[in-house]
Amino acid sequence: MRTQRKRGAEHAGAPKGFLGTRLTRRQFIGYGIGAACALSAAGYGLKRFVDAMGNSGPTGITHDAPQEPGKWSKEASFYERMSGRRTKCVKCPHLCLLSHGDRGRCRNRVNIGGTLYTLAYGNPCSVHIDPVEKKPLFHYLPGTPILSLSTAGCVLSCKNCQNWQISQSRPEDTRNTELFPADAVALAQREGTPSIAYTYGEPIAFYDYWHDTSVAAHAAGIRNVWVTSGFINPEPLKRTAPYIDAANIDIKGFDDRRHAELNGGPLQPVLDTLKLSKRLGLWLEVTCLLVPEWTDDIAEIDRMCGWIARELGTSCPVHFSRFTPQYQLTHLPPTPLSTLLEARKAARENGIEHVYIGNVAGAGYQDTYCPTCGTLCIARRGYEVVENRLEGGRCPTCGTAIPGVWA
Ligand SMILES: [Zn+2]
């Protein structure tokens, strides 16, 4: 899934058995997505799995569950038992109807003997400490490090996914480390990160692990950040929302038919999630990846910006992100800078006050300005905060309150 991210050190190899050992940040950042590329030699090739997904419908993937739940399994929340040992998962809008032995489209939930289990509980394949700006969140505790977790799996199947090696894999196929919710919280405390991000893959896919870790984090005074496609049903979101301190939600295009074709799911549930998140009081930033030929139509971007301004408010920060050729779209060029600038112009014309351009080096694209007087409030270079001039969350020149979570 997900927006483009600079990956850099994430490709480095993984230290093994690090739990209980204090690692330096540099060592720690080395564990993750790159390591996940080394899919297990279980004889189950990723290509075969992707092919199987291509043939899967609303019933998920047939005959793909393990015989028994394992150490990192837990009975799932948000499902219904049906006749004949079938289950209906109601966590995300796919509503997978599974028979015994089947696996849901998120790749993480399986029906074993009429009970729905998650296989992604305490076994992340990516564990990093990132700057919070990388999520991206620009109006939430700027300049702070954030412990970032992901398991395998995703509820969508975006053709442009940057993290497809993990998002389109099963938890059994990635190289994982054991990190139960309490371990994750202890790690954040040890490393001194004020927040934990559920990111890279899709937290909705590892819903129970995300939720339980978030609850444990809050109990320990650690905050939670949700980085997501927003493809979730309202009830699970309402349950977890009290523990979410900030969210970055993608809008992956604004044409329903093309959204389904590009991302493997309809658009409307995402828009519903955005509106519900706003109503529930989450601090919200939106990312829009502009994929050439798919989501770069300026009239469509204009309509989307109008919707954001109307439904989420003009103070909701918007990040336009540059596509780089990935996964099934390697034949497409990177997004031209001119397209990103046009999108920014459209957003500003719709009244959106904080518009950023991501994955493009260049002065000013990631800076925060006061919408009243134009003063530079936060200067950034890439993901680094060069200077934060806010005073108690206000413009240092005119005192306008800049929306966000600053302390
Ligand atoms: Zn000002």
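**Getting to know this fold**

Me: Between which strands is the loop where P136 has its place?
Reply: This is a predicted model, so local features need pLDDT of at least 70 and side-chain atom pairs count only at pLDDT 80 or more, while totals for chains, interfaces and linings use all residues. Residues are numbered from 1 along each chain as its sequence is written, and side-chain values use heavy atoms, leaving out hydrogens and water. Helices (H or I, at least four residues) and strands (E, at least two) are DSSP runs, numbered from the N terminus. In those terms, P136 sits in the loop between β7 (126–131) and β8.

Me: Is the peptide bond from K135 to P136 cis or trans?
Reply: Most peptide bonds are trans. For the bond from K135 to P136, though, omega is near -10°, and that bond is cis.

Me: How much of the protein is made up of buried residues?
Reply: Buried means under 20% relative accessible area, exposed means over 50%, and partly exposed is in between (1.4 Å probe, protein chains only). The protein has 407 residues, with eleven helices and 17 strands. Of those 407 residues, the buried share is 58%.

Me: What distance does α10 reach from its first C-alpha to its last?
Reply: The expected span of a helix is 1.5 Å times one less than its number of residues. Helix α10 (residues 298–311) has 14 residues, so 20 Å is expected. The reach in the model is close to that, at 20 Å.

Me: Which residue at the start of α10 has a side-chain oxygen reaching the backbone nitrogen of A299?
Reply: A polar contact is a pair of N or O atoms within 3.5 Å; within protein, one must be able to donate a hydrogen and the other to accept it, and residues adjacent in sequence count only if both atoms are side-chain atoms. Here the oxygen comes to within 3.3 Å of that nitrogen, and it belongs to D297.

Me: Is K252 buried or exposed?
Reply: K252 lies in the loop between β11 (246–250) and α8. Its side chain makes a polar contact with the side chain of D250 (3.2 Å). With a relative accessible area of 10%, K252 is buried.

Me: What is the phi of R85?
Reply: Most residues other than glycine have a negative phi. R85, in the loop between β2 (79–81) and β3 (87–89), counts as partly exposed at 48% relative accessibility. Although R85 is not a glycine, its phi is positive, at about 60°.
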